[in-house]
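Have a look at the sequence and the 3D structure below. A short tour comes after it.

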Amino acid sequence: KSMFLTNKKKTQFYLLIMDDKKPLDMDDFKEQVEANRIRMASAESLAEKMQLPAGTVSPFGLLNNEEKDIRVYFDKDIVSEEIMTFHPNTNEKTIFIKTQDLFRFLESISFNYEILTLP
């Protein structure tokens with residue numbers, strides 16, 4: 001699953017990519033990213049930062065983030081997967097992409113990413 005998150009003051013935004021069967025421990029995540037409070041970003045923030053409607057969050061939306069101010073994180077449990085699947089900025093289709101190609105894509109659009117160990 002891909003989640004678009006923000007801190008309480010909406011001064012920092014996060015794209016978290018993790019296994020869809022795994023629940024997110026928000027307290028653990030906020031500690032790992034050194035934030036005070038983390039919550040799901042609003043549909044308005046998603047539209048403003050990634051130009052996407054709700055339900056279509058994916059790394060491909062980073063193409064629309066000209067400010068390059070979204071921090072990208074992957075859970076380590078999924079980076080060993082050979083292929084990941086995402087919506088291509090619309091929830092009507094699904095793209096299958098090799099994990100290493102996704103990392104190359106992020107680097108090609110000047111986004112760094114970090115790998116976290118989520119419980």
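## Before you start

This is a predicted model, so to speak of local features takes a pLDDT of at least 70 and side-chain atom pairs count only at pLDDT 80 or more, while totals for chains, interfaces and linings use all residues. Residues are numbered from 1 along each chain as its sequence is written, and side-chain values use heavy atoms, with hydrogens and water left out.

## The sheet

Five strands make up an open sheet with mixed pairing, in the order 3-1-2-4-7. Strands here are DSSP runs (E, at least two residues), helices are runs of H or I with at least four, and both are numbered from the N terminus. Two strands pair if DSSP finds at least two bridges between them. At the edges sit strand 3 (38-40) and strand 7 (113-116), each pairing on one side only. On average, neighbouring strands of this sheet are turned by 35° against each other, direction ignored.

Strand 1 (residues 2-7) and strand 3 run antiparallel and are joined by three bridges. Leu-5 has Met-40 in strand 3 as its bridge partner.

## Helices on the sheet

Helix 2 (residues 43-50) lies across strand 1, strand 2 (13-17) and strand 4 (70-75), and runs at about 100° to strand 1. Helix 4 (residues 99-108) packs on the sheet too, touching strand 4 and strand 7, and its direction makes about 165° with that of strand 4. Contact means heavy atoms within 4.5 Å; angles run from 0 to 180 degrees between N-to-C directions, with axes fitted to C-alpha atoms, for helices over the stretch in contact.

## A loop residue

Leu-63 is in the loop between helix 2 and strand 4. Is Leu-63 buried, exposed or partly exposed? Leu-63 counts as partly exposed because its relative accessibility is 47%; buried means under 20% and exposed over 50%, using a 1.4 Å probe and protein chains only.

Leaving aside residues up to four places away in sequence, Leu-63 touches Phe-105 and Ile-109. Its C-alpha atom is 9.6 Å from that of Phe-111, 48 residues apart along the chain.

## The largest pocket

The largest pocket holds about 360 Å³ of space. A pocket is an open set of points on a 1 Å grid where a 1.4 Å probe fits, with protein on both sides within 12 Å along at least five of seven lines; lining residues have an atom within 4 Å of a point. Of its 17 lining residues, Lys-1, Met-18, Asp-20, Met-84 and Thr-85 are the closest to the centre.

Strand 5 gives the largest share of the lining, four residues.

Definitions and conventions:
Grid points are joined across faces, edges and corners, and a volume is the space filled by probe spheres set on the points.
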